[in-house]
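Work through the exercises below with the sequence and the structure at hand. Try each task before reading its solution.

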Amino acid sequence: MAVIPFYGADHPELFSIERAAMDPDRLVMRRLDQLLPMGRLVDIGAGDGFMADGLARRNRHIVRVEPSAGMRAQGGRGLWVSGDAACLPFADGVCDGAYATWAYFFPSFHDVGEGLREVERVVRPGGRVCIVDNRGDDELSDFTRVATGADVGFWRDEGFSIEELETEFRFSSPDDATRLLSAYARRPVDDPPTSLNFRVALMTRTVRR
């Protein structure tokens, strides 16, 4: 499987800005915490482990799967595995749940069928799968060069329920906003706002096989 290139491994300073600005009130993390079960979970495309660190509990153990060595090198505590969504290194039905946040599951970029089949294989019947993507049609998407909204019709056809969350990008300084939004837009962005509306799609499905 071809891994989508991600700027965070090569430009950790920009990734740090993104982490601080994206969803600063942790609305997405709090909702995932409510939806995901306890037990053994897999974070598919874990990045630097930020989301897994926030969701881990004494009775919730998260395995962080990340293909990029550069991103794994930035990660902290927890169990890390080198791998990708199309070939998860786990036995059948050993996980109680799985999730991916802004990682791999973008049907607008490529076929995500392999990844979905792998999730179905490693998550036990009755386990829950959550996928987070941009919803698009917001202030943030005005600064990107390509459409960034989730294909909610695709996910509904795959049996997922769709929930929309309204959050924001809130930058600590105009310089941070300029640097990150210029990187997103791949062109200079002058005097951007330091707060932008950001719509998120959260897709959820219970495994039934």
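**Exercise 1: a helix and its surroundings**

Helix α5 (residues 113-122) is largely enclosed by the rest of the structure, because seven of its 10 residues are buried. The model is predicted: local features need pLDDT of at least 70, side-chain atom pairs count only at pLDDT 80 or more, and totals for chains, interfaces and linings use all residues. Residues are numbered from 1 along each chain as its sequence is written, and side-chain values use heavy atoms, with hydrogens and water left out.

Task: Which residues of α5 are buried, and what do they pack against?

Solution.
1. Buried means under 20% relative accessible area, exposed over 50%, and partly exposed in between (1.4 Å probe, protein chains only). Helices (H or I, at least four residues) and strands (E, at least two) are DSSP runs, numbered from the N terminus.
2. The buried residues in α5 are G113, G115, L116, E118, V119, E120 and V122.
3. With contact meaning heavy atoms within 4.5 Å, these buried residues pack against β1 (39-44), β4 (95-101), β5 (123-134), α6 (152-157) and β7 (195-206).

**Exercise 2: aromatic pairs**

Task: How many aromatic pairs does the structure hold?

Solution.
1. Rings of Phe, Tyr and Trp (its six-membered ring) pair if their centres lie within 6.5 Å; planes under 30 degrees apart count as stacked, over 60 as edge-to-face and the rest as tilted.
2. There are six aromatic pairs. One of them, F154 with W155, is edge-to-face, at 4.9 Å centre to centre and 85° between the planes.
3. W155 counts as buried because its relative accessibility is 0%.
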